[in-house]
Amino acid sequence: MKKAQMKMMETIAIIFIFFVLVLFGIIFFYQYSKVSINERNEQFFAERAMRTTLKVLFMPELICTDHGRIEQNCFDLQKIGAAKEVIERNTEDYYFNLFSYAEITVHQLTKDGMMIPPAELDANKHLIYSNPKLVFTKKEPTYFILTLKDDITGHYDFGYLNVTVYS
Amino acid sequence: MERKGQIEVTFNWIYIVIAGAVILLFFTGIIIKQKAASEERLAVDVVNILESIFSGAEVSENTKNFVETGALADEILYFSCQDGIGEYGLQGYDYGVQNTVDPIFSPAEIKSPLLILWSLPYYLPFKVMDFLIVTSSNTKYYFIKDGSPFEEQLDLAMGEQDQRLSINHEFISFSELSQIKQGNNFQVRLVFLNEIDIDDIPTFLEIDRLTAVVFSNAGIKITYYKRGENRWELIDSADIISLDDQDRDAAKIAAIFAENGEMYKCNMEKVFKRLSYLIQVYGKENADGVIGGKLGELKQYYEEAIYPNCQSSYYEGITVPLYTLKHQVDNCVFESYNSDSCKSLDNTAADIAIENEKLDTAVSCTRLY
């Protein structure tokens, strides 16, 4: 009787240790998967940020043209003014599909070749698209230097593009 | 004693078998789950990577890129577009990317070690979007020579020094048609740049996945056929809306690569939707009847600068056809691609292009675009 009990206890102990080891394995694998999924998500998120910036940089609604041909890394100031209204009005039915949760701002740094004083920078900021996620886990801002063309005078100024994407 | 021993041994074996089965079942379950998860992950990864590649390829206008598919060479990539929603992904997996913005023209299925991506800008009359053409190294296009300027344009556009970027194509005469072979190609398309009676095209060719496209009405209509049993079956057709004076007629070239008229029209509808918004940026009509957008700003500037030539030119020359274009494109998106509004778009765009050119050359005003 005692021997059988001992044997039973031994078997239970072996099974218990076995399942403990399996549990450890599962926990380890779960943690590893979690980390690798997070890494993948980070990577996809960074790619989305880059992709969104790229899309903005080549948007026909904003880009400068010279005799119909595009000028790279240049935004047309006259178009910017008009585009922000159009984009705002059609965010839900079109532009959300393009940019998802993001905020796109063009900051003008010079005007007629002169640096804009810091106090006036906010007045020369153009919010092109604003659809931030209210409860977000991550946000990634990207910046890009631009030339800003006044198509009437033909003058070029400097500015930068800020694209912030939310996840 | 012997009986007790027997019971103990039997019990131990049953116990071992049950425990073993449970353990085996447990691990089998984990393996099945992991397999499903890793397949799902593969599909998601591939589609996400493709999305990034397509976005990059699309914005670099007039360029070709190639993508080596590596381990996915034996998988089938599918592309579709219906009711304004494009979709692509790996066939046989649940995950695909839907896209309502970017126009992607491609065969319905691609199974290849090398994808070729070609971005072409579309103007009507200003730049609207970049078309993305997706094809593969084993999708062959046979162009039946007609000596037209479009043939020359195609010949120049498709060839590349780097073989990986070169579209798999060949210009042949009609008489050479009967000699074409499947080779290593997954699919073959015959492209007739001039109108032809479909029954004149041989059907005896021993080629799988053989399709044909025929341009007609002086190149402004394309009809899609597939080879059926001993005859060519009509799939559908589509009108081509583009300006004539372009080096690379994106709308016409894209039509060659689209699987069928439905896919072509679906993608073109995406483009026209964007055009509608773009026109508003250039010059929208405000509720009070005042011109807005860039045109509004230009007009206001020239009014203040007391420059009568520009004022009238902007107003009469550009505004009216721009509003007409907006009206037509809205109707085109709302009604259908085959409506008269769509067919009139290119004429109105040509009027705007002429007026825009005049602004600079005749009256020295700033161009609209």
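A crossing of two helices is left-handed if the near helix is turned anticlockwise from the far one by less than a right angle, and right-handed if clockwise. With that in hand, here are some notes for you.

1. What you are looking at. This is a predicted model, in which local features need pLDDT of at least 70 and side-chain atom pairs count only at pLDDT 80 or more, while totals for chains, interfaces and linings use all residues. Residues are numbered from 1 along each chain as its sequence is written, and chains are lettered from A and ligands numbered from 1 in the order in which they are written. Helices (H or I, at least four residues) and strands (E, at least two) are DSSP runs, numbered from the N terminus.

2. The helix pair between chains. The crossing of helix 2 (residues 77–89) of chain A and helix 5 of chain B is right-handed. These two helices pack at an angle of about 130 degrees, with their axes 8 Å apart. Axes are lines fitted to C-alpha atoms, for helices over the stretch in contact, and angles run from 0 to 180 degrees between N-to-C directions. The angle makes helix 2 of chain A oblique to helix 5 of chain B (under 35 degrees counts as roughly parallel, over 145 as roughly antiparallel, 65 to 115 as roughly perpendicular and the rest as oblique).

3. Who meets whom there. From helix 2 of chain A come Gln78(A), Lys79(A), Gly81(A) and Ala82(A), which meet Gly293(B), Lys294(B), Glu297(B) and Leu298(B) in helix 5 of chain B. Contact here is C-beta atoms, placed from the backbone, within 7 Å.

4. The wider interface. In total, 23 residues of chain A are in contact with 25 residues of chain B. Helix 2 of chain A gives the largest share of the chain A side, six residues.

5. Strand 1 (residues 63–66) and strand 2 (residues 69–76) of chain A pair in the antiparallel sense over four bridges; pairing takes at least two DSSP bridges. Asp66(A) has Arg69(A) as its bridge partner. Two residues lie between the strands, and His67(A) in the turn has a positive phi of about 50 degrees.

6. A parallel neighbour. Strand 2 of chain A also runs parallel to strand 7 (residues 139–149) of chain A, joined by three bridges. One bridge pair is Cys74(A) with Thr147(A).

7. An enclosed helix in chain B. Eight of the eight residues of helix 3 (residues 250–257) of chain B are buried, so this helix is largely enclosed by the rest of the structure. Buried means 20 or more other C-beta atoms within 10 Å of the residue's own, with C-beta atoms placed from the backbone. Among the buried residues are Lys252(B) and Phe257(B).

Technical notes. Buried ≥ 20, exposed ≤ 12 C-beta atoms within 10 Å, placed from the backbone. Contact = placed C-beta atoms within 7 Å.
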